Amino acid sequence: VLCISQDFDFFYFVQQWPGAYCDTKHTCCYPKTGKPAADFGIHGLWPNYKDGSYPSNCDPDSVFDKSQLSEIMSSLQKDWPSLSCPSSNGNRFWSHEWEKHGTCSESELDQREYFEAALKLKEKVNLLQILKKAEIVPDDGFYSLDSVVEAIKEAVGFTPGIECNKDSAGHSQIYQIFLCVDTSGSEIIECPVLPKGRCASNVQFAKF
Ligand code: 5GP
Ligand code: 5GP
Ligand code: 5GP
């Protein structure tokens, strides 16, 4: 018997720093709704296994349906902007995230619940404010990776994963912040496994 229901152990809730998406050699394009705020944006809510592997594209029959999201559309545009090129209204990014990741947690969250869960998590954890309180601000300055981890751990109660990329000058910079969330999509938990971060011991926090 073939088992097609894909279970998972936890979610990664992943937020991206727009300054670090845009200042690499790939550059970026602002959404049709305009330049996003200088704030972390949602990248995705990703079902994962405790061993670090993950399921993807679990249900080809569950297509992205933006009519289910009309009430949260303005929140999605604000908190989950797409910065890839060419400029878009976000639908391509949300559709990709739903089909690749969201379809793997359908046993827990339907489409509307999935996007709402991510928006609620973003509201619950204001990363920019947490970092600001620790005097870590997007001023192109360098900060120790430990101080970034500690500031978030102190405020949230759980250790975050920090992923870096490189700006066009080759400097390691904060790109994405991972928090782990239980399978209901609502409670932050200690990460069973942290993502590989690729950060130097001192990291830049780029202006946007
Ligand atoms: P990258 O290779 O840029 O790190 O990741 C490419 C894509 O693979 C991501 O956008 C995401 O869809 C997926 N991905 C990368 N790492 C993970 C992970 O640890 N867990 C899950 N669930 N997806 C991941
Ligand atoms: P890497 O060589 O970095 O481990 O993985 C290369 C690519 O394979 C990544 O961009 C990622 O999207 C994908 N990948 C890595 N591990 C997994 C996994 O456990 N499940 C799936 N579906 N894709 C993976
Ligand atoms: P992933 O597979 O890593 O979850 O998502 C990355 C995919 O979403 C890529 O195909 C990328 O082009 C697209 N994408 C659209 N907008 C964005 C954005 O703002 N940030 C990132 N990281 N990917 C985006």
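Where is the place of H101? H101 lies in the loop between α3 and α4 (111-124).

## Basis of the model

The model is predicted: local features need pLDDT of at least 70, side-chain atom pairs count only at pLDDT 80 or more, and totals for chains, interfaces and linings use all residues. Residues are numbered from 1 along each chain as its sequence is written, while chains are lettered from A and ligands numbered from 1 in the order in which they are written.

## Annotated active site

An unreviewed UniProt entry places the feature "active site" at H43, E97 and H101. These positions are spread over 59 residues of sequence, yet they cluster in space, with a largest C-alpha distance of 11.1 Å. UniProt positions follow the numbering used here, feature names are shortened, and annotations may be inferred rather than shown by experiment.

E97 belongs to helix α3 (residues 91-100); helices (H or I, at least four residues) and strands (E, at least two) are DSSP runs, numbered from the N terminus. E97 is buried because 23 other C-beta atoms lie within 10 Å, and H101 is buried with 25. A residue is buried at 20 or more other C-beta atoms within 10 Å of its own, exposed at 12 or fewer and partly exposed in between, with C-beta atoms placed from the backbone.

Leaving aside neighbours within four places in sequence, E97 is in contact (C-beta atoms, placed from the backbone, within 7 Å) with G44 and G102. On that basis, H101 contacts G44, L45, W46, P47 and S56.

Residues around ligand 3 (C-beta atom, placed from the backbone, within 6 Å of it) include H43, G44 and E97. The largest share of this shell, four residues, comes from α3.

Terms used:
Two residues are in contact if their C-beta atoms, placed from the backbone, lie within 7 Å.
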